[in-house]
Number of protein chains: 2
Amino acid sequence: MKRVEPEILTRTERLADEIAAAVLSGEFAPGRRLDEAMLAERFGVSRTPVREALRRLASTGLIDLKPRRGATVADATSAQLETLFGAMAEIEAACARLAAMSMTPIERRRLQNLHESMAALARRGDRDEYAAANVVFHACVYSGAHNGILAEFAGGLRRRLAPFRRAQFRTEGRLARSHAEHAVVVAAILACDAVAAHAAMFDHMSLVEDALGRLGAASRASA
Amino acid sequence: MKRVEPEILTRTERLADEIAAAVLSGEFAPGRRLDEAMLAERFGVSRTPVREALRRLASTGLIDLKPRRGATVADATSAQLETLFGAMAEIEAACARLAAMSMTPIERRRLQNLHESMAALARRGDRDEYAAANVVFHACVYSGAHNGILAEFAGGLRRRLAPFRRAQFRTEGRLARSHAEHAVVVAAILACDAVAAHAAMFDHMSLVEDALGRLGAASRASA
DNA sequence: GATGATTTGTACGTATGTATA
DNA sequence: ATATACATACGTACAAATCAT
């Protein structure tokens, strides 16, 4: 059996995840200055991966980055972040719609099997395994849409938002809810119901945005 | 009076622009490997700004970047026309959906005025003027969606498809039909009917594809 | 399948620009 | 306003992984 690619994570990527988690947990408050030396020491790496992680996070809008003036934690209300999540929801929903219409029987079967195998992971609460399987799940939908351009867009957005998505599975009960939402998506796709697939996927993606919205509201309230 | 910030450009940013220009001009063909040392020598800088420029370009989707395997120019131009048009239809439809929900009264008014002014152009059969106005019309919908990322995607697709779209308004009666289709889109957006706006725009874009499909079939038949 | 060449990932030093006293 | 301190942008060296032979 062919294994999915082993998901190589470079130090920069892990760092980006950790910094994002620190920001989302509120440890690094909005407006706080993030200087490279501090981050390097704190996470036990040199400044090079720190720099690259900061660039990556800046592209998602999580932090602001000005030349020669360093990085600060962006206001969680940053329009860019909201925009990214909104675009992601739209494009994933479009992929689900197309997938419902044009997936082959084999692709449908594969999606179903994958979804069922994820039930065990959700029950076990195995966050890492579930997160990995989740990536495959969504990739299935992309490829099932049979549109390389949309898949490319979706993949690009997913990469940009990866730190938030990984952090998200840390919240309690998220796995079970995610799996339940997937079930609705899968049912609609298997039933070839394009409208329902669109709606189900849109809902699923919107919940991530909700979590972030609550975070932003909380930090605004405390200010 | 406060001046806008003087826009300091770091070496990395200038490099990203130059590399992007080389890719878009076709000098760096899709699929081509972009190794850091080559780029560094060619543009007369060290590898550090090259690396950061590549990270930045990867986040826009212009190049592919895999850990330990380097960068390649994203294979976008090899994608089939059908896929491009399909993606375009989906994204335009998504923009129309969002626009129906979130356009401001002023934006709605502007869209309506523009649409009405295009009626005269369609009646006169002024293809060039109509085509120009058509670009503005769709740009209105993008900006009305209030999502910069989707607008960016839509604009990029429109640019890529521009050569194919130019021919389309030559078809007899196409102007009148286009305007009639726009009318449905505008009505749905003004009525804040998200579902109808999505459907109307999707139809509109699909018909464009159809027209081109017939054109392609005709040229193939004559070959 | 092993080995060497090439290229990326990482560490760290230096210079320049920014902010502060 | 000038100087001082400090953080960033860039350059370079080394290590590790990939690929070509």
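Reader: How far apart are the C-alpha centres of domain 1 and domain 2 of chain A?
Author: They lie 26 Å apart. Keep in mind that this is a predicted model, where local features need pLDDT of at least 70 and side-chain atom pairs count only at pLDDT 80 or more, while totals for chains, interfaces and linings use all residues. Residues are numbered from 1 along each chain as its sequence is written, and chains are lettered from A and ligands numbered from 1 in the order in which they are written.

Reader: OK, and where does each domain of chain A run?
Author: Domain 1 covers 11-73 and domain 2 covers 79-222. Those bounds come from an automatic or database domain assignment.

Reader: How many residues does each one put into the contact?
Author: Twelve residues come from domain 1 of chain A and eleven residues from domain 2 of chain A. Being in contact is defined by C-beta atoms, placed from the backbone, that lie within 7 Å.

Reader: Which elements of chain A show up on the domain 1 side?
Author: α1 and α3 of chain A each supply at least two residues there. The largest share, five residues, comes from α1(A). About the labels: helices (H or I, at least four residues) and strands (E, at least two) are DSSP runs, numbered from the N terminus.

Reader: What classes of residue are on that side?
Author: The side of domain 1 of chain A that touches domain 2 of chain A has seven nonpolar, four polar and one charged residues. Here Ala, Val, Leu, Ile, Met, Phe, Trp, Tyr, Cys and Pro count as nonpolar, Asp, Glu, Lys and Arg as charged, and the others, Gly among them, as polar.

Reader: New topic: how many residues do chain A and chain B use to touch each other?
Author: 21 residues of chain A are in contact with 20 residues of chain B. On the chain A side, α3, α4 (79-102) and α7 (148-168) give two or more residues each. α7(A) gives the most, with seven residues.

Reader: And the classes on that side of chain A?
Author: Eight nonpolar, seven polar and six charged residues.

Reader: Which elements do the residues near DNA strand D come from?
Author: At least two residues each are supplied by α2 (36-43) and β3 (70-73) of chain A and by α1 (11-24) and α3 (47-60) of chain B. α3(B) gives the most, with three residues. By class, that surface has five nonpolar, five polar and seven charged residues.

Reader: What about DNA strand C, which residues come nearest there?
Author: Arg11(A), Ser46(A), Thr48(A), Asp35(B) and Gly70(B), of the 17 residues around DNA strand C. The elements that give two or more residues are α1 (11-24) and α3 (47-60) of chain A, together with α2 (36-43) of chain B. α3(A) has the largest share, three residues.

Reader: Gly70(B) is in β3(B), I think. Which face of that strand is Gly70(B) on?
Author: Gly70(B) is on the uncovered face with Thr72(B), while Ala71(B) and Val73(B) make up the covered face of β3(B).

Reader: What does β3(B) pair with, and in which sense?
Author: β1 (residues 33-34) of chain B pairs with β3(B) in the antiparallel sense over two bridges. β2 (residues 63-66) of chain B also pairs with β3(B) in the antiparallel sense, over four bridges. Strands count as paired if DSSP finds at least two bridges between them.

Reader: Who's opposite Ala71(B)?
Author: Leu34(B) stands opposite Ala71(B), and Ala71(B) is also the bridge partner of Leu65(B).

Reader: What's between β2(B) and β3(B)?
Author: Three residues sit between the strands of that hairpin, where Arg68(B) takes a positive phi near 65 degrees.

Reader: Last one: where is Cys192(A), and why does it count as partly exposed?
Author: Cys192(A) is in the loop between α8 (174-190) and α9 (194-221) of chain A. Cys192(A) counts as partly exposed because it has 14 C-beta neighbours inside 10 Å. The cut-offs within 10 Å are 20 or more other C-beta atoms for buried, 12 or fewer for exposed, and partly exposed in between, with C-beta atoms placed from the backbone. Cys192(A) also has a positive phi of about 60 degrees although it is not a glycine.

Terms used: A residue is near a molecule or strand if its C-beta atom, placed from the backbone, lies within 6 Å of it. Two residues are in contact if their C-beta atoms, placed from the backbone, lie within 7 Å.
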